[in-house]
Amino acid sequence: MSANDISITPMKPRLGRRGMIIGAAAFCVVAAIALDTTVVTIGSEQDTRVAGFSPDAYGAKEFPRIRKDIEARAVDAPTLASALTTDKKAAAKKYGTGGAMPVLPVKLTGTVGEGKSGIYDVTVKDVENVRIRVQTGPAINGTDLRDAPGDIAFGEFKNQIEYQDAGAGINRAMKAEVLEGFDNSDLTGKTISVTGVFKLINPKMWLITPVEVQVQ
């Protein structure tokens, strides 16, 4: 027999038992990942949860109904000031929301006085011995808007940071809706109409966060 008569058959690789086990395991892992995968549409509610808490998205969602609630319950400043002078506790219970430091809704028209850092004093007819100030930006401080409706509770949030951020997000939403383009550089001496809320710390000192502002 010559060398030319010898045919060589290529050897097929043998798949051992160990290889089969590894392949099956890999298949199971891929299948499990596929079953556990959820397609999330950008901008959907699931997308918000995946991305984490967004204060600005929360504020944009909550502010319109907070503004409606405040406008519906707002009390004329002279009426509210008189009620607080007569019986602070009763007035807070009747008009406000919250516990030790309730938030009160108010509406007023008055003359703008001196201002500093966007916070202006306002003199209102028939309101005596009360210093009324209004926040007009750029900085809006406090959580009065968050606390105004009385139904946004700490327990809805993961921690204190989220709870505080929710208030800041609502404040920013208010600025975008109410104060965007509002010129507060020269308000002194002008007549202003405001609807808003303030936290009752001192009945003789009101710092109002607005939900509506009009300069006449």
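Modeller: A residue is called buried when its relative accessible area is under 20%. Please keep in mind that this model is predicted.

Biologist: Is Val-178 buried or exposed by that cut-off?

Modeller: Val-178, which lies in helix H7, has a relative accessible area of 15%, and because this is under 20% it counts as buried. Leaving aside neighbours within four places in sequence, Val-178 is in contact with Phe-63, Arg-67, Val-211, Glu-212 and Val-213. The C-alpha atoms of Val-178 and Glu-212 are 6.2 Å apart, although 34 residues separate the two along the chain.

Biologist: How should I read the packing of helix H3 and helix H7?

Modeller: Two packed helices are described by the angle between their axes and by the distance between those axes. Here helix H3 (residues 55-73) and helix H7 (residues 160-179) pack at an angle of about 65°, their axes being 7 Å apart, and the crossing is right-handed. Among the residues that make the contact are Phe-63 and Arg-67 of H3, together with Gly-169, Ile-170 and Val-178 of H7. Sorted by class, this contact has ten nonpolar, two polar and six charged residues.

Biologist: What is the relative accessible area of Arg-146?

Modeller: Arg-146, in helix H6 (residues 144-147), has a value of 5%, so it is buried. The Arg-146 side chain makes a polar contact of 2.8 Å with the side chain of Asp-147. Beyond its neighbours within four places in sequence, Arg-146 is in contact with Ile-152, Tyr-163, Gln-164, Gly-167 and Ile-170.

Note on methods:
Residues are numbered from 1 along each chain as its sequence is written. This is a predicted model: local features need pLDDT of at least 70, side-chain atom pairs count only at pLDDT 80 or more; totals for chains, interfaces and linings use all residues. Side-chain values use heavy atoms; hydrogens and water are left out. Axes are lines fitted to C-alpha atoms, for helices over the stretch in contact, and angles run from 0 to 180 degrees between N-to-C directions. Helices (H or I, at least four residues) and strands (E, at least two) are DSSP runs, numbered from the N terminus. A crossing is left-handed if the near helix is turned anticlockwise from the far one by less than a right angle, and right-handed if clockwise. Contact means heavy atoms within 4.5 Å. Ala, Val, Leu, Ile, Met, Phe, Trp, Tyr, Cys and Pro count as nonpolar, Asp, Glu, Lys and Arg as charged, and the others, Gly among them, as polar. Buried means under 20% relative accessible area, exposed over 50%, partly exposed in between (1.4 Å probe, protein chains only). A polar contact is a pair of N or O atoms within 3.5 Å; within protein, one must be able to donate a hydrogen and the other to accept it, and residues adjacent in sequence count only if both atoms are side-chain atoms.
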